[in-house]
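Open the model in your viewer and keep the selection tool at hand.

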Amino acid sequence: MSPTATPPAHPVASASAASRPGAATVPPPAPAPAPQRDPFFDNAKYLAIVLVALGHAWEPLTHGGRAATALYMTVYAFHMPAFILISGYFSRGFDLSPAKLKRLLTGVVVPYLIFEVAYTYFQHWAEDGEPDEAISLLNPWYLNWFLAALFVWRLTTPIWKLIRWPVPVAFVIAILAELSPEVGTDFDLQRVMQFLPFFVIGLHMKPEHFHLVRKRWVRIAALPVFAGAVAVAYWLAPTMDTAWFYHNDSVQELDAPLWAAPVMQLALFACAAVLIACFFAWVPGRTVWFTALGAGTLYGYLLHGFLIKMSRWWEWYDAYAWIRQPVGEVVVTLLAIAMMTALCSKPVRKVFRFAMEPKMEWAFVHKDTAPKKASATRASGPEA
């Protein structure tokens with residue numbers, strides 16, 4: 001057979017021909033390349049989680065410090081909405097298939113259970129003089145609310161991909177939740193529903209939407225917009241209740257009239273949307289020194305809660321008067337950035353991977369994909 005001849009259709013014949021001396025051999029197909037991580041999103045996740053740490057670190061400085069309060073309000077206006085929007089964007093492929101449900105269990109449910117226990121026993125050890133809190137799987141402890149929310153959001157993803165007007169419906173749910181004090185604290189459902197629009201918007205975003213906010217004119221406009229946001233926050237700092245930014249209370253619990261629910265929900269969303277666009281405009285799109293840290297943001301998020309709580313219970317901010325002065329605020333800011341950077345690093349991820357990303361193959365049913373002997377016996381005759 002000529003080396004240029006068309007190979008026969010049957011694989012057995014091809015194998016026979018390939019075994020002859022001088023016959024051309026067909027190389028096996030190359031394996032598909034592994035999907036590459038987009039450095040833009042890793043950079044965005046790292047910078048967003050750093051803002052989370054800054055918000056928690058600045059909170060004690062807001063007691064009497066107007067400038068610190070203005071920065072705190074500005075960051076809280078958009079840092080979690082940005083993080084939730086990214087989470088929604090990366091949940092676009094979620095469905096109820098076994099592989100996706102397995103990842104939901106190992107990547108969300110198991111860390112939730114582990115840290116719910118860990119946070120509770122940490123409180124028993126670290127908070128002297130206070131009654132020991134009981135383990136409550138229904139009432140997320142501190143930072144665990146985000147895992148509870150992510151579990152609910154992802155489970156409902158097929159619904160948001162099915163209905164015709166997902167974003168308006170999500171806003172209606174958020175407003176109704178803010179009008180409903182009886183929602184309670186189970187799974188922190190107030191936050192789950194009030195932050196829902198950002199997750200749903202992320203679900204329906206496309207790569208080109210992120211390219212729009214990275215144009216040159218948006219970058220230029222982002223600087224005065226951020227400066228204006230800080231100025232407005234400085235003006236509002238003495239009078240505005242920062243609890244509005246937490247999205248975990250109803251208007252009744254905030255002593256506000258009912259009409260404030262839709263007004264504040266839409267107003268805070270508009271502020272968050274503008275600041276998120278400005279934030280994404282300045283996120284580097286190339287690989288930089290902190291790009292690899294974007295893969296460890298959940299580690300940093302859950303682990304830094306222990307240090308933040310220690311700083312409150314052990315009164316670190318009251319140790320020296322200079323901590324509440326401008327130089328102290330700078331030091332606190334730098335320490336918060338260094339802390340989050342370290343907690344997102346590869347060595348920390350390696351140590352805590354058992355809790356954050358357990359494989360747990362032993363816990364799942366593995367279906368036998370091999371054909372049964374009986375089926376092979378029946379596969380004969382014209383029907384086969």
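Start by selecting Gln-265, in helix α13, residues 260-281. Helices here are DSSP runs of H or I, at least four residues, numbered from the N terminus. The model is predicted: local features need pLDDT of at least 70, side-chain atom pairs count only at pLDDT 80 or more, and totals for chains, interfaces and linings use all residues. Numbering starts from 1 along each chain as its sequence is written, and side-chain values use heavy atoms, without hydrogens and water.

Is Gln-265 buried or exposed? Gln-265 is buried, at 2% relative accessible area (buried is under 20%, exposed over 50%, partly exposed in between; 1.4 Å probe, protein chains only). Now show its contacts, meaning heavy atoms within 4.5 Å. Leaving out residues up to four places away in sequence, Gln-265 touches Ala-174, Ile-175, Glu-178, Gln-194, His-247 and Ala-260.

Next, select Leu-113 in helix α5, residues 98-126. Leu-113 is partly exposed, with a relative accessible area of 38%.

Of its 34 lining residues, Arg-37, Lys-45, Phe-90, Arg-103 and Arg-154 are the closest to the centre. A pocket is an open set of points on a 1 Å grid over the protein atoms alone, where a 1.4 Å probe fits, with protein on both sides within 12 Å along at least five of seven lines; lining residues have an atom within 4 Å of a point.

Which helix gives the most to this lining? Colour α5: five residues come from there.

How values were computed:
Helix = DSSP H or I, 4+ residues; strand = E, 2+ residues; numbered from the N terminus.
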